[in-house]
Amino acid sequence: MDFSLTDDQKALAAAAADFARAELADHAAEWDATSHFPVDVIRRAGEAGFLGIYTPEEHGGLGLSRLEASLIFEQLSQGCIATTAYLTIHNMVTWMIASWGDDALREAWVPAMVAGEALGSYCLTEPGAGSDAASLRTKAVRDGDDYVISGSKMFISGAGATEVLVVMARTGESDSGAGGVTAIVVPADAAGIEYGKNEEKMGWKSQPTRLVSFDGVRVPVTNRLGAEGEGFKFAMKGLDGGRLNIASCSLGAAQQALTLSRDYMSERKQFGRDLSSFQALQFKLADMASELTAARLMVRHAAWRLDQGDPEATAHCAMAKRFATDMGFNVCNEALQLHGGYGYIREYPLERLVRDTRVHQILEGTNEIMRLIVARRLLADGVIESLQ
C-alpha cells in the first residue's frame, strides 16, 4: 500500500499552489468585502487548465482523476475558498455536459467552458426541495422538438454571471420521484429566465447566489443530457465528485488555518513567553493537525474508490465529505480561538475562513444526509464487513 504521490501529481499540486498565490490569495479579502465575482481570474484559471480538470481529454479537458482534482482544489482553496468552490461547480457542470451531451451539444459548450469563455451553474435545489431533491417541481413539458421549462431553482452559485445552466427538471408525472427527473442544458440568457437578488450570505461572498425562475423557457430536446428520466442518476453521479471537491476545499481551508496558527504561536508572546511554549496550545495544534491528516486520508481514499468505480464509492464519498467538512470548520474555528481577538477582526483571515467553511457542512448534501446515505449502506448485508 503506497500513499505517496507521483511526481506528476506533485507537479499538479505545485501548479495549483502557484496559481493560488499569484491570482487568489492577495485578493480574497477584498473580494469577500465587496462581494466581487472575479470572472477575469476565473478565465485565467481556464488558461491554466483548472476549468476542465476531469473533463475527458477528447473533449478538451485535462482528463485527470478525482484524486488529482482533489489535490488541485485543496491547493487552490488556500488562496480563496469561495472562488475555488465556484471552480468546483463549474468543473462539475462541464464534466456533465461532456459526459452525457450529444456531439453537437458538447461542441457548442464544452470547449468554451474549458477555456473559461463560458461559465456554468448547476440548478438542482429548489425553494421547496433541498435535501429531498427527488421531490423537485420544476417541469419540462415536451412540445414538438422543444422542452418548455417552468419553475424555480434556489441557492444557485454563479447565477446571473454565468452563460449556461444544467437544470434538473421533471419530465415525468408529478409523483414520478427520482425516475421522472431529466437533465437539460439551458443557455443562461434564454427568454423567460429571471434572476433574483444576489443573496446576502454569511460566507462565500465572492460568488453570487441567486434564485433562478423559469417561465415558459423553450429549449431544443437535443439540449437534454442522456435520456429522459436519467437526470437524477446524473445528478447523484455529479454529487459524488462534488462532495469530494467541497471536502477538498475544507482541507485547504484547514491547512491554511493550521499554518497561520503555527506562525502566530511562534510570533505572539504572553506572560513573557512565546505562545508556542504553552503545552495546552501545543496540544490544540497537535489535535488540529491530526484531524486534518485523518480527513485528508479519507478524502484521498474516497477519491481513489470513485476513480476505481468501486460499488461502495458513494458511501465513501459521503463519509469523507461529512468528516472533512466538519473537521475543516472545527479547525478554522480553533485557529480563530488561538488568535484571540485578532482572529475575530477582518485584518486577519481567520474569521473569513470560519465563515466560508461553515456552508460546506450544508451544500452538496447536508452532513445529516451524508449520515443517512452511509447508514443505509451499512444496514445492507456484508457492507460493514467490507469496510475492514
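This is a predicted model: local features need pLDDT of at least 70, side-chain atom pairs count only at pLDDT 80 or more; totals for chains, interfaces and linings use all residues.

Biologist: How do you know where the domain "Acyl-CoA dehydrogenase/oxidase C-terminal" lies?

Modeller: An unreviewed UniProt entry lists residues 229–379 for that domain; such annotations may be inferred rather than shown by experiment. Over residues 229–379 the chain is 75% helix and 3% strand, where helices (H or I, at least four residues) and strands (E, at least two) are DSSP runs numbered from the N terminus. For residues 122–217, listed by UniProt as "Acyl-CoA oxidase/dehydrogenase middle" (unreviewed entry), the values are 0% helix and 47% strand.

Biologist: Why are H7 and H8 called roughly antiparallel to each other?

Modeller: Helix H7 (residues 231–267) and helix H8 (residues 279–307) pack at an angle of about 155 degrees, with their axes 10 Å apart. Axes are lines fitted to C-alpha atoms, for helices over the stretch in contact, and angles run from 0 to 180 degrees between N-to-C directions. Angles under 35 degrees count as roughly parallel, over 145 as roughly antiparallel, 65 to 115 as roughly perpendicular and the rest as oblique. H7 and H8 are therefore roughly antiparallel.

Biologist: Which residues make the contact of H7 with H8?

Modeller: Contact means heavy atoms within 4.5 Å. Among the residues involved are Leu-244, Leu-251 and Gln-255 of H7 and Leu-285, Leu-292 and Arg-296 of H8.

Biologist: What makes Arg-296 buried rather than exposed?

Modeller: Buried means under 20% relative accessible area, exposed over 50%, and partly exposed in between (1.4 Å probe, protein chains only). Arg-296, found in helix H8, has a relative accessible area of 15% and is therefore buried. Leaving aside its neighbours within four places in sequence, Arg-296 is in contact with Glu-74, Leu-251 and Gln-255.

Biologist: How do you know whether Leu-239 is buried or exposed?

Modeller: Leu-239 lies in helix H7. Its relative accessible area is 6%, so Leu-239 is buried. Beyond its neighbours within four places in sequence, Leu-239 is in contact with Met-92, Tyr-122, Leu-124 and Glu-364.

Key: Residues are numbered from 1 along each chain as its sequence is written. Side-chain values use heavy atoms; hydrogens and water are left out.
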